[in-house]
Amino acid sequence: MTDTHTPTDAQSPEERRRLARRTVLAASSVAVTAVGVGSAFAATDGTTAPATGAGAEASPSASEGACYTLTSELVEGPYYIDADKLRQDVTEDQEGIPLHLTLKVIDAETCRPLRNAAVDIWHCNASGVYSGYQAVGSGGGGGGGGGTPPTGAPTGAPTGTPTGPPPGGGGGHQEPTDDTRYLRGTWHTDRHGQVAFRTVFPGWYQGRCVHIHVKVHVDGEWTDAGYEGGHTCHTGQLFFDEKSVLLSAAVEPYASNTTTRTTLDEDSIYPDNGHAGGLLHLSYHRHHIARGVRAHLTLGVEPDETSNG
């Protein structure tokens with residue numbers, strides 16, 4: 001055990017010097033240990049922390065689940081489709097870098113996890129195309145819309161008057177052009193407020209950075225038909241840092257996407273407030289990102305509020 005006693009006046013000068021030196025050494029040892037711990041957190045808390053292997057997963061940061069942080073509400077865009085796919089694996093036949101996404105939903109005021117909430121995700125494929133809107137092609141909006149909880153049955157025609165694909169992700173809700181539903185899905189949170197999806201790393205299209213759309217619905221009921229009733233308490237978007245996007249852009253099929261890409265800093269919707277704005281914590285092998293990416297984030301929401309985006 002390290003002796004950390006403080007020198008006293010009753011001890012000789014030589015004894016005081018020895019004790020003081022041991023105290024300094026003990027403090028230095030603690031400082032070194034703290035640096036080591038800090039380095040470990042830096043390696044797992046950064047948004048582009050390299051994994052030690054293809055299946056490695058970054059540990060959540062100590063502050064990520066802080067309940068004083070309310071996740072930003074953002075525009076839902078024109079390409080949301082009321083959930084008709086209750087599933088965790090939304091990949092279907094889409095090619096791309098495997099992405100394992102884990103979200104934890106908490107009450108931003110109490111920090112308590114929200115159990116049995118319905119979480120929707122949807123995003124474009126590697127070529128920048130949204131399912132249900134393939135006729136629109138790549139670009140022209142941020143995908144979103146609706147605002148009502150999923151019913152478990154495809155609506156075929158979301159509400160709203162088609163106005164054409166607006167730039168940057170705003171505008172009204174668009175009517176689907178086809179019956180495809182890849183890279184879309186809804187699943188429930190567990191007792192810890194967590195939900196996980198398997199998908200692919202999104203691509204990009206003109207006017208927007210790489211992102212995933214997300215909605216959280218509460219106070220509804222899970223039935224054989226799906227999720228009924230309740231209300232939407234959060235509409236947001238999840239973002240990827242520039243380093244990970246640059247690495248993905250060197251991998252097919254992303255490398256074949258010739259659309260001019262908007263960076264995170266250039267994006268008109270990202271609120272530029274880090275994880276509170278939807279910036280994901282990422283883990284991947286920096287030399288082999290094609291093997292897969294793990295992403296996680298805590299969403300702090302206000303369950304009593306309605307936020308349709």
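**Exercises on a predicted model**

Ile 212 touches Leu 99, Leu 101, Ile 121, Trp 122, His 123, Pro 202, Gly 236, Gln 237, Leu 238 and Phe 240, with residues up to four places away in sequence not counted; contact means heavy atoms within 4.5 Å. The model is predicted, so local features need pLDDT of at least 70 and side-chain atom pairs count only at pLDDT 80 or more, while totals for chains, interfaces and linings use all residues. Residues are numbered from 1 along each chain as its sequence is written, and side-chain values use heavy atoms, leaving out hydrogens and water.

**Exercise 1.** Give the strand order of the open sheet of four strands, then find its edges.

Solution. Step one: the order is 4-3-6-7, with antiparallel pairing; two strands pair if DSSP finds at least two bridges between them. Step two: strand 4 (184-188) and strand 7 (226-239) each have a single partner strand, so one side of each has no neighbour in the sheet. Step three: strand 3 (residues 118-122) pairs with strand 4 over five bridges in the antiparallel sense, and Asp 120 has Thr 186 in strand 4 as its bridge partner.

**Exercise 2.** Which residues touch the most other members of the largest nonpolar core?

Solution. Step one: a nonpolar core is a set of buried Ala, Val, Leu, Ile, Met, Phe, Trp, Tyr and Cys residues joined through side-chain atoms within 4.5 Å. Step two: among the 39 residues of this core, they are Leu 103, Leu 238, Phe 240 and Leu 299. Step three: strand 9 (293-301) is one of the elements that give two or more residues to this core, and its five residues are the largest share.

**Exercise 3.** How many disulfides does the structure hold?

Solution. Step one: a disulfide is a pair of cysteine sulfur atoms within 2.5 Å. Step two: the structure holds zero disulfides. Step three: Cys 209 is buried at 3% relative accessible area, and Cys 233 is buried at 1% relative accessibility.

Notes:
Buried means under 20% relative accessible area, exposed over 50%, partly exposed in between (1.4 Å probe, protein chains only).
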